[in-house]
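Hi everyone, thanks for making time.

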Amino acid sequence: MSVLQDIIAGVREDLDARKATLTLAQVQERAAQQPPALDAFAALGGNDSVRADLKVIAEVKRRSPSKGELAGIADPAALARQYEDGGASVISVLTEERRFGGSLADLDSVRAAVQIPVLRKDFTCDPFMIYEARAHGADLVLLIVAALSDEELRDYLALTHQLGMNAVVETHTEEEIARAVAVGAKIIGINVRNLKTLDVDRGIFAALASKIPAGPIVIAESGVRDVDDVRQYAAHGAQAILVGEALVTDATPLDRITEFKDAGAVAISSR
């Protein structure tokens, strides 16, 4: 069993436990009662004819399968406000509990604290989770191509759009990019972390970014350590970066986001 399969098995068990206390109809009703989702596609520059700056998706992330404990994050809302003040365009909140130490409570806390779009970052494997994300105020969900069939990917993306949300459609290979493009993904992430070994190969981004046609927003995921990594991603086509570890382990995440945005803007202007 791969790391991804193992994580999803746990996600399904935890989802079954939540389903035992809350019906789909109840979750759908709560989702319908939420204010309209914020336009994350626009927030990430999707409506700009010229995307001249690098957008940052800043992540609330306590731990990871590859690194273990990263940060305690006693107050996710306070961290999210620092991210917003630093110029982040979207806040990503891990809600997977077993491997990442996240929760829907973290999502609630962050959603109440910031005015920018919020991504529920989890291993979406059931439509229930998409309704659940909207019920907790999320504006985006994560859809991992490697974890879904073509039919699931198409249906989950359609449901996301039906609820007024956007999706980050995560890819790792050229074949997965083709699948993402085929279903009309508007936001495509390239994750340079191998989901089988958890190894990071930053060179993968440059090799794959050119395979994405004009139109979708291109996000570089994983592997951001410093401004050099940011410059590399931006120079090879990233319009946004998703950063977790480098921010949660930094004493001044607000300053770091500003640094990353500045470095990215310079690299984009030099393409």
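Predicted model: local features only at pLDDT ≥ 70, side-chain atom pairs only at ≥ 80, totals over all residues.

As a reminder, side chains of opposite charge can pair when their charged atoms come close.

Let's start with Arg-99 and Asp-6. Their side chains meet in a salt bridge, at 2.1 Å from N to O. What does that pair tie together? Well, Asp-6 belongs to helix α1, residues 3-19, while Arg-99 is in the loop between β4 (90-94) and α5 (104-113), so the bridge links parts that lie 93 residues apart in sequence. As for accessibility, Arg-99 is partly exposed at 25%, and Asp-6 is partly exposed too, at 34%.

Next up, Asp-53 and Lys-55. These two form a salt bridge as well, with their closest N and O atoms 3.1 Å apart. Lys-55 comes in at 12%, which is under the 20% cut-off, so Lys-55 counts as buried.

Last one: Asp-122 and Arg-120, whose side chains meet in a salt bridge at 3.5 Å, N to O. Here Asp-122 is buried, at 4% relative accessibility, and Arg-120 is buried with 3%. And which residues join them in a network? Arg-18 and Glu-132 do: salt bridges with shared partners connect Arg-18, Arg-120, Asp-122 and Glu-132 into one network.

Technical notes: Residues numbered from 1 in each chain as written. Heavy atoms only, no water. Salt bridge = Lys/Arg side-chain N within 4 Å of Asp/Glu carboxyl O. Helix = DSSP H or I, 4+ residues; strand = E, 2+ residues; numbered from the N terminus. Buried < 20%, exposed > 50% of the residue type's maximum accessible area, 1.4 Å probe, protein only.
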